[in-house]
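Me: Please show me the model, and then we can go through one part of the fold.

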Amino acid sequence: MKILLSTYSIVAIVLAGVFVVCFIALLIMYIFNKKRKSKKNANENIVSSSVLVEEIVSALGGKENISSVEHKMTRLTIEFKEEGKLDLSSLRFKYMLNANKLTLLVGSDASSLAEDIRALF
């Protein structure tokens with residue numbers, strides 16, 4: 001038994017195949033573009049180390065109010081002298097205040113930020 005396909009049915013099958021290939025290509029481009037935009041937005045949020053150091057030091061009432069700086073993995077622990085000089089509302093980091101120590105969750109830049117703050121002394 002032979003199945004004969006008419007010219008119109010062959011054209012319809014070819015067009016359906018082209019449509020499926022184009023749809024898959026557009027879907028791949030959309031996904032790639034979305035990932036690229038999210039990486040671009042992440043890079044736009046990166047702030048230089050010097051800006052972060054200035055922000056942290058000013059939130060602690062200036063370099064005169066800082067006694068010591070330590071870092072552990074992703075945390076920065078800063079011992080300060082006077083609590084009255086603190087302005088923690090301006091910090092962009094999550095923090096924990098305990099007696100005269102402020103622990104900031106700064107991420108992987110903790111060691112470089114600690115070095116930069118120590119360089120101010």
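Reply: Helices (H or I, at least four residues) and strands (E, at least two) are DSSP runs, numbered from the N terminus. This is a predicted model, where local features need pLDDT of at least 70, side-chain atom pairs count only at pLDDT 80 or more, and totals for chains, interfaces and linings use all residues. Residues are numbered from 1 along each chain as its sequence is written, and side-chain values use heavy atoms, with hydrogens and water left out.

Me: In which loop is Gly62 found?

Reply: Strand 1 covers residues 66-72. Gly62 is found in the loop between helix 2 and strand 1.

Me: Is Gly62 buried or exposed?

Reply: Buried means under 20% relative accessible area, exposed over 50%, and partly exposed in between (1.4 Å probe, protein chains only). The relative accessible area of Gly62 is 16%, so Gly62 is buried.

Me: Which elements do the buried residues of helix 2 pack against?

Reply: The buried residues of helix 2 are Leu52, Val53, Glu55, Ile56, Val57 and Ala59. Contact means heavy atoms within 4.5 Å. These buried residues pack against strand 1, strand 2 (75-80), strand 4 (101-105) and helix 3.

Me: At what angle do helix 2 and helix 3 pack?

Reply: Axes are lines fitted to C-alpha atoms, for helices over the stretch in contact, and angles run from 0 to 180 degrees between N-to-C directions. Helix 2 spans residues 49-59 and helix 3 spans residues 110-118, with their axes 10 Å apart. The packing angle is about 65°.
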